[in-house]
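Hello,

Here is the structure we spoke of handing over. My notes follow below it.

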Amino acid sequence: MLTAGQILQLIRNGTCRTRKELIEFTGLSRSTITDRLDRLIDAGYIHESGVGASGGGRPPSVLDVDATRRLMLVADLGASHVRAALTDLAARPLAEESAGLRIDRGPEAVLTWVRQAFQRLLDRAGRPAGEVCGVGLDLPGSVDHVSGRVIRSFLMPGWDDYPVGEAVGADYDVPILVENDANAMALGEWWTSWRETDSLILIKVSTGIGTGIVLDGRIYRGVEDAAGNIGHVRIRESDDRVCTCGSRGCVASLAGGHALAVDLGQGSSQDVVRLVQAGDPTAIARVQEAGRTLGVVLATAVSLLNPGVLVLAGDMAETREHYLTGIREIVYRRSLPYTTRNLEIVTSSLGDRSGIVGMAVIVMEHVLSPTAVDAALQAKAVS
Ligand SMILES: [Zn+2]
């Protein structure tokens, strides 16, 4: 027999919009459906409103998720920026704040900013901390998403094995989710623009290179939470440049933003973007070449997974499509035509907000999952 949490999914995904549709679809009795809905309404997960398609007589009420009564707090940490948002339970931002802050300042400094930003966002929106039902945070490194600890990041000295989830969630007695940034960005782009396609690969090229994979609408993490680490595939082992991982010839050391900055005598990947935007021919040529280099590895990924869309995100998405052009050229040339027949290769539609949106979607899906909803209703009944 379906639980209240499972009934909520039928309402969320649009399968059933009224009590009558729920009774017909599930085969459950009217009294059972009423019991489930009463508990969901009482707990503020859904509300009944509006007017459904009427066949005469009193129009049936429409059931809908109540996204306004619960809040989520999410943060997106990059190598040199942080962004935090307060959202409703439909992942719509109510307040947002960002700052330039280097992640290599270490977990205490960065996570203190996040906790203070969360409090400022609640204050600005005039909402109490008690309405927060989930907290999420993504960062540019491999994360054990179950324990909320950083596994390893070459960009984040001092963060290895740090209990990020515990630190950032200490103020709230709610689920805390920690995720790799490219994974969060991939889900954010998929949720916002590509839900009609089953799978998407997002490549983030800023200082380094990260990849997020969405398969059948879910993040694919791999058995060690390490899926998508294509930045450290060694494609030119005789190269004399040493990568951040200690090896030589990694694709990140040839095509990442840091490598481009060094080659072009610049300080950061953002400086490279500025040069390209100003029309510097040397920078444009080098950026296109980097796109082609990464394209070699991406052709393999595309042939392996046959995604519907490849999204370029991060600083290199802002190079007026020059980096993207390099990727396109090689991926189409080196893949079987029917693998790429329906493949779109595009730049991120959310820009620097894809991480925060994706993180909000991750927390929303967790908080509204049948297991989490049934557990919350059980706890409410006991208390
Ligand atoms: Zn490497």
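Arg-320 is partly exposed, because 15 other C-beta atoms lie within 10 Å of its own, and a residue needs 20 or more to count as buried. This is a predicted model. Arg-320 sits in the loop between β13 (309-313) and α11 (322-334) and has a positive phi of about 50° although it is not a glycine. Glu-321 lies in that loop between β13 and α11 too; its phi is also positive, near 70°, and Glu-321 is likewise a residue other than glycine. With 17 C-beta neighbours inside 10 Å, Glu-321 counts as partly exposed.

β13 belongs to an open sheet of 5 strands with mixed pairing, in the order β12-β11-β10-β13-β14. The edge strands, β12 (218-219) and β14 (344-347), each pair on one side only. Strands β10 (residues 200-205) and β11 (residues 209-215) run antiparallel and are joined by 6 bridges. Leu-200 stands opposite Val-214 in β11.

Two helices lie across strands of this sheet. Helix α6 (residues 181-193) lies across β10, β11, β12 and β13, at about 45° to β11. Helix α10 (residues 281-305) lies across β10, β11 and β13, at about 160° to β10.

Last, helix α13 (residues 354-367). Its 14 residues should span 20 Å at 1.5 Å a residue, and the end C-alpha atoms are 20 Å apart, which agrees. In α13, 12 of the 14 residues are buried, so the helix is largely enclosed by the rest of the structure. Among the buried residues are Ser-354, Gly-358, Met-364 and Val-367.

Regards

Conventions:
Residues are numbered from 1 along each chain as its sequence is written. This is a predicted model: local features need pLDDT of at least 70, side-chain atom pairs count only at pLDDT 80 or more; totals for chains, interfaces and linings use all residues. Helices (H or I, at least four residues) and strands (E, at least two) are DSSP runs, numbered from the N terminus. The expected span of a helix is 1.5 Å times one less than its number of residues. Two strands pair if DSSP finds at least two bridges between them. Two residues are in contact if their C-beta atoms, placed from the backbone, lie within 7 Å. Axes are lines fitted to C-alpha atoms, for helices over the stretch in contact, and angles run from 0 to 180 degrees between N-to-C directions.
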